Amino acid sequence: MTLPLTYLGHPLLRQTAQTVTVSEIQELAFQELVAQLLITLTSSNGVGIAAPQVGQSLQLIIVASHPNPRYPHAPAMDPVVMINPWIVHHSQQVEKGWEGCLSVPGQRGLVPRYESISVEYLTPRGSQEQRVFNGFVARIIQHECDHLQGLFFLDRMEPWDQPISEGEYRGMNNQLNPLDLSLSDPR
Ligand code: ZN
């Protein structure tokens, strides 16, 4: 079952999400939420999602980069579920890249993010992990962690960089990469 998305303007998306305890992780309702969040992410051509985007104020994100019509050049990876994610280290190097958001339909923005991060989080089994991520996947994680603090990519943009429409973004992308023309969004 896909879950209904919340959008920019929904008050929950401006709140700090609640941390999740190990005993809550083991509850069936939480495990079902994780499964439904993954289905919702996949069916909406997203590369990442945070629980507040489906109306749950919980520190839960899923990162699942893969090439799709919204992000044709995204690297492929197995989905990673992160509970109470925390960026413990980051590179000094910052890179700007284009982002969109399932909760901000039709807009893209150029956002500066750390090139490399080390994230500590709990897995759906309740064990603690720490992993290093780089490039686009590090970007997704920073974007999703921001949702847990009530922030949007729009808040991270330089004041002189304005968001652009999805249509303009795709036109620009197709000029740079003619092969993308084969990947039109079914919607
Ligand atoms: Zn988002």
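This is a predicted model: local features need pLDDT of at least 70, side-chain atom pairs count only at pLDDT 80 or more; totals for chains, interfaces and linings use all residues.
Biologist: OK, what does H3 lie across?

Modeller: H3 lies across strands E4 and E5, and runs at about 60° to E4.

Biologist: Tell me about the sheet, then. In what order do the three strands come?

Modeller: The order is E4-E5-E8, in an open sheet with antiparallel pairing. Strand E4 (94-101) and strand E8 (164-165) are the edges: each has a single partner strand, so one side of each has no neighbour in the sheet.

Biologist: How many bridges are there between E4 and E5?

Modeller: Seven, with E4 and E5 (residues 104-114) running antiparallel.

Biologist: What actually pairs strands in a sheet?

Modeller: Backbone hydrogen bonds do that, in either a parallel or an antiparallel arrangement.

Biologist: Back to Glu99. Which side chain does it meet in a salt bridge?

Modeller: That of Arg139, with 2.8 Å from N to O. Arg139 belongs to helix H3 and Glu99 to strand E4, so this pair ties together parts 40 residues apart in sequence. Both Arg139 and Glu99 are buried.

Biologist: Which residues are linked with those two in a network of salt bridges?

Modeller: Arg113, Asp146 and Arg156 are linked in a network with Glu99 and Arg139.

Biologist: How many salt bridges does a search of the whole structure find?

Modeller: Eight. One of them joins the side chains of Lys96 and Asp161, at 2.8 Å from N to O. Lys96 is in strand E4, while Asp161 is in the loop between helix H4 (153-156) and E8, so the pair ties together parts 65 residues apart in sequence.

Biologist: How accessible are Lys96 and Asp161?

Modeller: Lys96 is partly exposed, with a relative accessible area of 39%. Asp161 counts as buried, at 17% relative accessibility.

Biologist: Where do Glu166 and Arg170 lie?

Modeller: They are both in helix H5 (residues 166-176), four residues apart, or about one turn of the helix. Glu166 is buried, with a relative accessible area of 13%.

Biologist: Changing topic. Where is Ser57?

Modeller: Ser57 is in the loop between strand E1 (48-50) and strand E2 (60-63). With a relative accessible area of 19%, Ser57 is buried.

Biologist: Which residues is Ser57 in contact with, leaving aside its neighbours within four places in sequence?

Modeller: Leu12, Gln15, Thr16, Ala17 and Gln18.

Biologist: And what joins E2 to E3?

Modeller: Four bridges, with E2 and strand E3 (residues 80-90) running antiparallel. In that pairing Ile62 stands opposite Val81 in E3. E3 also pairs with strand E6 (residues 116-122), again antiparallel, over five bridges. There, Trp86 has Glu120 in E6 as its bridge partner.

Biologist: What about His10, where is that found?

Modeller: His10 is in the segment before helix H1 (22-25). At 31% relative accessibility, His10 counts as partly exposed. Its C-alpha atom is separated by 27 Å from that of Glu27, which is 17 residues away along the chain.

Note on methods: Residues are numbered from 1 along each chain as its sequence is written. Side-chain values use heavy atoms; hydrogens and water are left out. Two strands pair if DSSP finds at least two bridges between them. Helices (H or I, at least four residues) and strands (E, at least two) are DSSP runs, numbered from the N terminus. Contact means heavy atoms within 4.5 Å. Axes are lines fitted to C-alpha atoms, for helices over the stretch in contact, and angles run from 0 to 180 degrees between N-to-C directions. Buried means under 20% relative accessible area, exposed over 50%, partly exposed in between (1.4 Å probe, protein chains only). A salt bridge is a side-chain nitrogen of Lys or Arg within 4 Å of a carboxyl oxygen of Asp or Glu.
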